[in-house]
Structures are given as structure tokens and as C-alpha cells.
Amino acid sequence: MKQGKKRILVMVNSMTKKSFWYWYFLLFLVFGIIFVRLFFLNVLNHESYAFLLQEKTEIYVEGDSAPRGRILDRNGVVLVDNMLVKRISYTKMNQITFLEEINLAKELMKYFEVDEANEVELRNYYALLHEEEVAGYITDEERIMVKERKLESSMLDKWKRERINSDVLMSMSHEEKVIAKFYALMNTGYSYQNKVLLKDADAKLVASIEEAKIPGIFVDYAWKRTYPYGELLRSIFGNISEGLPFDSKEEYLEKGYGLSDIVGISYLEQEYEEYLRGEKAIYLVNADKSLSLQKEAVRGNDIYLSIDINVQKKLDEVVKDTLINVKKLNNTEYLKETFAIMGDPNTGGILAMTGRRILENGRDISFQEITSDLILSSFTVGSIVKGASHTVGYLNGVIEPNKKIKDSCVKLYFVPEKCSYKELGYLDDISALKWSSNYYQFLTAIKLAGKRYTYNMKLDAGEEVFHKYREVFSMYGLGSKTGIDLPNEQVGMIGKNMSDDLLLNLAIGQYDTYTPVELLQYIQTIYGSGSRKKLSLMKEVRSPNDELLVSYEPQELSKISMDEGYYERIREGFRQVLYNGTGSGYVRRDINAYGKTGTSESFYDSNNDGKVDTKTISSTFAMIGPSDNGDYSMVIVTPNLSHYDGVKDYTAPFNRYISTEMSEYMLRYKF
């Protein structure tokens with residue numbers, strides 16, 4: 001027995017010793033894990049977890065939209081800038097009540113007013129002011145549905161406002177509607193955000209507000225766009241919106257914009273939004289809801305344009321003066337507007353562009369700036385396209401250089417006789433351009449259709465022949481987008497009907513319509529021997545500290561593969577146009593320039609009844625300036641320059657006046 005007990009005690013002691021070391025090891029392991037974890041958290045990853053803590057406990061907000069980048073001309077002259085303006089703003093105080101804010105609005109009305117509240121704002125205001133009344137607009141059944149979770153409680157608030165009688169809202173006084181607007185402005189956005197009550201306050205009002213020291217009301221600053229040259233190019237610069245456009249709100253939000261941010265919504269402001277947009281200031285929201293600046297706002301990048309403001313001013317001045325002077329001549333009652341554009345054919349850059357509509361009110365004359373119509377409006381342009389028509393003939397082997405034919409008329413079956421503007425004698429391919437022979441182009445079109453002209457013939461021109469013309473025309477830019485860096489560029493109208501008569505009209509520019517910028521690209525493509533360069537207004541982008549970020553490089557959009565000798569013949573024909581052809585007098589004869597005139601029949605709605613009722617004449621001109629003075633291109637389009645009833649009447653040399661003065665100016669000016 002004793003030996004058995006002894007053996008048991010030994011076993012117990014042995015087990016006790018093993019258990020002790022086991023628990024000792026386990027305790028050591030647990031503390032070791034805790035130590036390693038604490039070391040990992042507090043030493044190795046301290047900064048990371050501290051950042052996460054800060055992120056969870058600190059609130060950062062962005063300031064108002066930063067100043068946008070400027071827009072300058074090619075030489076650094078500022079065309080669009082920012083101006084600092086003072087605003088009256090409001091900071092919501094802790095625990096301020098609805099009635100206290102109403103009293104604050106009444107106090108502010110002593111100093112300035114805002115617009116009346118809209119219907120939504122009036123409903124919200126009325127619901128707060130008459131809480132018990134609007135509560136009665138909800139039925140017991142609707143409240144039960146909310147308790148049973150069959151209906152969202154937010155629906156009751158919505159219905160309360162919707163059920164307020166509109167007549168009651170409309171009967172509110174002007175003062176009440178203004179107070180309602182003040183209240184809406186005070187409560188838009190997050191509570192810690194400053195609320196703008198008045199965007200552009202004059203110095204007298206600012207002084208009064210600062211002296212009054214109204215609780216929560218203060219003066220701060222914002223930026224607005226300024227235009228040192230007034231309305232010059234105004235439609236091309238575009239507009240900005242204070243607040244995201246509704247139709248593209250989600251897209252901007254994904255890019256990090258705030259709902260109240262300033263954003264470019266048209267033309268250059270929209271096209272270069274990513275560069276012009278500034279970086280907003282960053283603030284830390286303190287415990288008392290005050291803000292501490294963490295990062296200064298940064299102005300957006302500057303856009304330098306290819307525009308030369310001196311050329312731009314001169315072109316705009318000449319266009320307006322010409323409109324005034326020509327309107328004094330006979331047969332100009334339907335002349336209302338004109339378009340002119342100048343470019344650098346070596347790069348595709350735009351030097352100047354203007355569109356002007358004359359507005360007459362008795363003796364008072366003013367002008368509407370419609371420069372954006374250079375990319376939006378299209379016209380039948382007439383014989384100006386004959387360089388492209390010649391190209392169709394050369395490429396398809398139906399024009400034989402130097403071969404002369406006698407100018408005449410074409411008579412197709414069931415089509416009235418079609419002729420040149422007068423009998424032009426014997427012509428080859430160069431003199432046909434010089435004198436703008438329609439007959440020469442008609443024969444080219446007939447040959448392209450695989451026929452030989454005979455009097456009163458049926459041509460039976462099919463889609464394939466139209467396609468051959470339009471394919472080449474589009475490679476010149478006629479009937480295709482020029483790639484100009486402006487949103488919403490249009491390409492004119494391509495006729496859908498096909499007939500023998502319409503084919504002949506297409507060949508002489510009397511069917512499809514083209515925009516002025518398409519004509520500019522066309523004449524520049526002739527200059528470039530078939531290389532069609534993208535048109536551009538942007539020269540470069542620079543940061544606020546003048547660092548070059550982007551520099552425009554000429555871009556070739558297409559290439560017409562034709563023997564250089566043919567281009568030389570087209571250019572020679574166009575040179576003779578200006579020397580002593582249809583464009584004689586448009587440019588001095590001793591200037592090495594070439595170009596083409598165009599005249600087209602158009603129609604005008606003379607009594608504004610929505611129906612065209614008057615046959616008019618529109619005039620076009622395109623040229624390339626002298627290479628020894630730095631090549632420039634110029635296009636002028638003047639719709640409805642004159643009109644006629646049965647017999648063609650006098651047509652003023654409108655485009656010639658502009659071309660003469662601008663070509664003389666460009667000879668003297670080194671751009």
C-alpha cells in the first residue's frame with residue numbers, strides 16, 4: 001500500500017512539474033504574440049495606422065473653385081482673364097434655429113435683396129413656417145403605412161410640400177418670397193460649407209456689411225471671367241457654369257468635381273477644361289466648424305492660342321466697316337452677315353476669325369458677334385470648289401492637261417441648258433480655273449460617268465459617280481470635319497437625291513453645303529499638295545509658373561496621292577484667277593498669291609414666315625498669301641449678298657473689299 005501511494009505521489013509530482021512548464025510556456029507564448037503585435041502596430045506600421053485614424057476622425061473640405069487658367073494669343077497678350085470679386089457669404093452658427101435665420105434674412109434685406117424664391121424653395125419655406133398645418137395634409141392611413149414599414153417616412157415630407165396649395169404660395173408677398181430665397185441660400189449644401197448670398201458686391205455694400213458685423217455674415221472673395229477685348233471672339237471663348245451641367249453631372253462627379261464647381265460648358269472653355277481648371281484650396285474642419293487652410297488654391301494652366309490679336313482686331317474692323325459701307329449700295333437689302341477666317345497653312349493654326357451680323361434700327365447700327373457660326377453654319381459655295389473638281393478629273397484620267405476645248409453649254413434630257421456665266425472661248429485646264437468655266441466641269445462629270453457628251457443626252461449618273469466626287473472633296477475637308485478644337489463642329493449638308501442635273505451642280509459647288517472652316521482647310525490642302533492638316537486654335541499650354549506643358553504639333557488628317565505636277569497646275573490656275581481672272585483686284589498683282597472666287601444661287605425667307613421665297617446670290621473667296629512674307633490663308637463667305645428676280649441685278653464686290661484691305665495689311669504686318 002505504501003509503495004503504491006508513493007508511486008502515485010511521484011506520478012502527481014511529475015505531472016505537476018510538466019503542467020507548470022506547459023502553462024509557463026503557453027503564458028510566455030501569449031505575451032510574446034501580444035508584444036510582437038504591439039511592436040507591429042506601434043513601431044513598424046505606426047504611420048499607416050495613425051493616418052487611418054486621422055482619416056476617420058478629421059474632416060477635410062475643398063474651397064470654392066480656384067481661378068481658371070488664362071487664355072492668351074500667340075504672343076502672350078491676355079484675351080481671357082480672371083477678376084477678383086467680393087461676395088457676401090454666410091456661415092451657419094451652431095444650434096441656430098429656423099426663426100433665427102428668418103430674422104437674419106430680414107436684417108439682410110435692409111442692405112440688399114436677392115431674387116424671389118422659386119416654387120420648390122417656397123414650398124420648403126412654407127412647410128417650416130406652418131409645420132402644424134402641413135402635418136394635417138398627411139392621412140392616418142399614410143402614417144400607419146410608415147409604422148408598418150410599407151412606406152418610407154421621407155415620402156410623407158415630400159407629400160406635405162406637394163400638397164401645399166399653389167395659390168397660397170403665389171399670394172405670398174414679395175418680402176416673404178425674398179426671405180424664403182435667403183433661407184434657401186443659407187441652407188444649401190453641407191452645414192460646414194460657407195453659403196454664398198450675393199456673388200458680386202460693390203464696395204459700398206461691402207463696407208456696410210463689414211461695419212454692421214451681423215452674426216454669421218462675412219465678406220469673402222471669388223473669381224469671374226473678364227474679356228479685355230470685349231465681344232471680340234466672345235462666342236469662341238465659350239462660357240462657364242457655376243455648378244455642374246445637369247446633363248453631364250455624373251461624369252463630372254466621377255472626375256472629382258463638386259456640385260457647385262465652375263466648369264467650362266462651351267467652345268474653348270469646354271474643350272480645354274482639363275487644363276484651365278484650377279486646383280482648389282484644402283481646409284481642415286475644426287471642432288467649432290471653423291476652417292483651417294491646409295493647402296493654397298492653384299490657378300489653372302494658361303492656353304496660348306494661334307490667334308494673333310492684332311490680325312484679329314484688323315479683320316473684325318474691316319468686316320464691320322465693309323458691312324456698313326456695302327449696305328449703302330443697291331440690291332443689298334438681304335445682306336445681313338458675313339464670315340471671315342485667316343490661318344497659317346503650314347501648321348493648321350487659326351490666325352483670326354470673325355462672324356458679324358449687322359443690326360439696323362433706323363439710323364442706329366450695331367453688330368452681333370456670331371463667330372461660332374464659322375463651324376456651325378454651312379452654305380452652297382459655288383465655283384470655289386473647282387480645284388477639288390479638277391482633282392477628281394486628274395485622278396480619274398478624264399482631264400487632259402493643256403488640251404483646249406471651246407466653252408459652251410450643256411443640255412441634258414429634261415434638264416434646262418446649263419452654261420458658264422458668259423462665253424469664255426477656248427480653255428485648257430488652267431484657264432478653265434482662271435475664268436471659272438462651268439462647261440469644263442460639266443464635261444469632266446460626263447466623262448467620269450463613262451459617257452461622251454451629245455446634245456439632250458441621258459447621263460444616267462449613278463451613286464458611284466457622286467461617290468467619286470465626294471470622296472475626293474472630303475479628303476480636302478469639304479464635307480468632313482476639320483478637326484478644329486471646338487466642340488460641336490458641323491459638316492454641312494450632303495444632298496441625298498441623285499440625278500443628272502444634281503451631279504453637274506455638285507461639280508460646280510451648287511449642291512452640297514460646306515462651312516467656312518471647311519473652305520479654309522480646302523485651300524490649305526491645295527497649298528500642301530494634298531496634305532490635309534487638322535485646324536487648331538491652341539498653340540501651347542503653360543503652367544502658372546510658365547512651364548511648357550503641351551505644344552501643338554501639326555497633324556495630317558488625310559493625304560490625296562496625286563502627282564505634284566497636277567497640284568502645280570491647280571495652283572497656277574488659282575494664281576491666274578487673282579492676276580487677271582475672276583479674282584482680279586482681290587490682291588495686288590505683284591503679290592505671289594493664288595485663290596478662287598465662288599458665286600452660288602441661294603434662297604432667303606424675306607418675310608420670316610418660315611418659307612424661302614427670294615432667290616439670292618451668295619459670294620465666297622479663298623486664297624493663300626505670298627510665301628515670301630510668311631504664308632497665310634484667308635476665306636470669306638457672304639450669304640445673300642444680292643438678289644434678282646428673273647434678271648440678275650448688281651452684286652457689290654463685298655469680298656474683294658475685305659480681301660484687298662487684309663492682304664495689304666498682311667504685307668506690312670510680321671506675324
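Guide: Cysteine 409 and cysteine 419 are joined in a disulfide, with 1.9 Å between their sulfur atoms. Please keep in mind that this is a predicted model. The link between cysteine 409 and cysteine 419 is right-handed, with 110° about the S-S bond. It ties together distant parts of the chain: cysteine 409 belongs to strand E15 (residues 409-410) and cysteine 419 to strand E16 (residues 418-419), 10 residues apart. The structure holds one disulfide, so this is the one to look at if cysteines are your interest. Six strands make up an open sheet, in the order E13-E12-E11-E24-E23-E22, and their pairing is antiparallel. At the edges are strand E13 (364-369) and E22, each of which pairs on one side only. From one strand to the next, the twist averages 20°.

Strand E24 (residues 633-643) pairs with strand E23 (residues 614-624) in the antiparallel sense, over eight bridges. Two of the residue pairs can be picked out by name: phenylalanine 621 has isoleucine 636 in E24 as its bridge partner, and isoleucine 624 has serine 633 in E24. E24 also runs antiparallel to E11, and five bridges join the two. Here you can find phenylalanine 339 opposite valine 637 of E24.

Helices pack against these strands as well. H15 packs on the sheet, where it touches E11, strand E12 (349-361), E13 and E24, and its direction makes about 30° with that of E12. Helix H24 (residues 654-668) lies across E11, E12, E23 and E24, and runs at about 160° to E24. What of E24 itself, buried or exposed? Of its 11 residues, 11 are buried, so E24 is largely enclosed by the rest of the structure.

Aromatic rings are the next thing to show you. A search of the whole structure finds 14 aromatic pairs. In one of them, the rings of tyrosine 334 and tyrosine 604 have centres 4.9 Å apart and planes at 40°, so the pair counts as tilted. The two partners come from distant parts of the chain, 270 residues apart: tyrosine 334 is in the loop between helix H15 (309-326) and strand E11 (337-344), while tyrosine 604 is in strand E22 (residues 594-604). Both tyrosine 334 and tyrosine 604 are buried. Elsewhere, Phe98, Tyr125 and Tyr183 form one aromatic cluster.

Lysine 255 places its charged end over the ring of tyrosine 252, 5.7 Å from the ring's centre. Arginine 575 lies over the face of tyrosine 579, and its distance from the ring centre is 5.9 Å.

Threonine 391 is part of helix H17 (residues 386-395). With a relative accessibility of 0%, threonine 391 counts as buried. Which residues does threonine 391 contact, leaving aside neighbours within four places in sequence? They are Val472, Tyr476, Ile560, Met562 and Ile570.

Glycine 495 sits in the loop between helix H20 (463-476) and helix H21 (500-507). Although glycine 495 is in a loop, its relative accessible area is 17%, and under 20% counts as buried, so glycine 495 is buried. Not counting residues up to four places away in sequence, glycine 495 touches Arg470, Tyr511 and Asp512. The C-alpha atom of glycine 495 is 8.4 Å from that of threonine 513, a residue 18 places away along the chain.

Technical notes:
Residues are numbered from 1 along each chain as its sequence is written. This is a predicted model: local features need pLDDT of at least 70, side-chain atom pairs count only at pLDDT 80 or more; totals for chains, interfaces and linings use all residues. Side-chain values use heavy atoms; hydrogens and water are left out. Rings of Phe, Tyr and Trp (its six-membered ring) pair if their centres lie within 6.5 Å; planes under 30 degrees apart count as stacked, over 60 as edge-to-face and the rest as tilted. Helices (H or I, at least four residues) and strands (E, at least two) are DSSP runs, numbered from the N terminus. Buried means under 20% relative accessible area, exposed over 50%, partly exposed in between (1.4 Å probe, protein chains only). A charge sits over a ring if NZ of Lys or CZ of Arg is within 6 Å of the ring centre and within 35 degrees of the ring normal. Contact means heavy atoms within 4.5 Å. A disulfide is a pair of cysteine sulfur atoms within 2.5 Å. Two strands pair if DSSP finds at least two bridges between them. Axes are lines fitted to C-alpha atoms, for helices over the stretch in contact, and angles run from 0 to 180 degrees between N-to-C directions.
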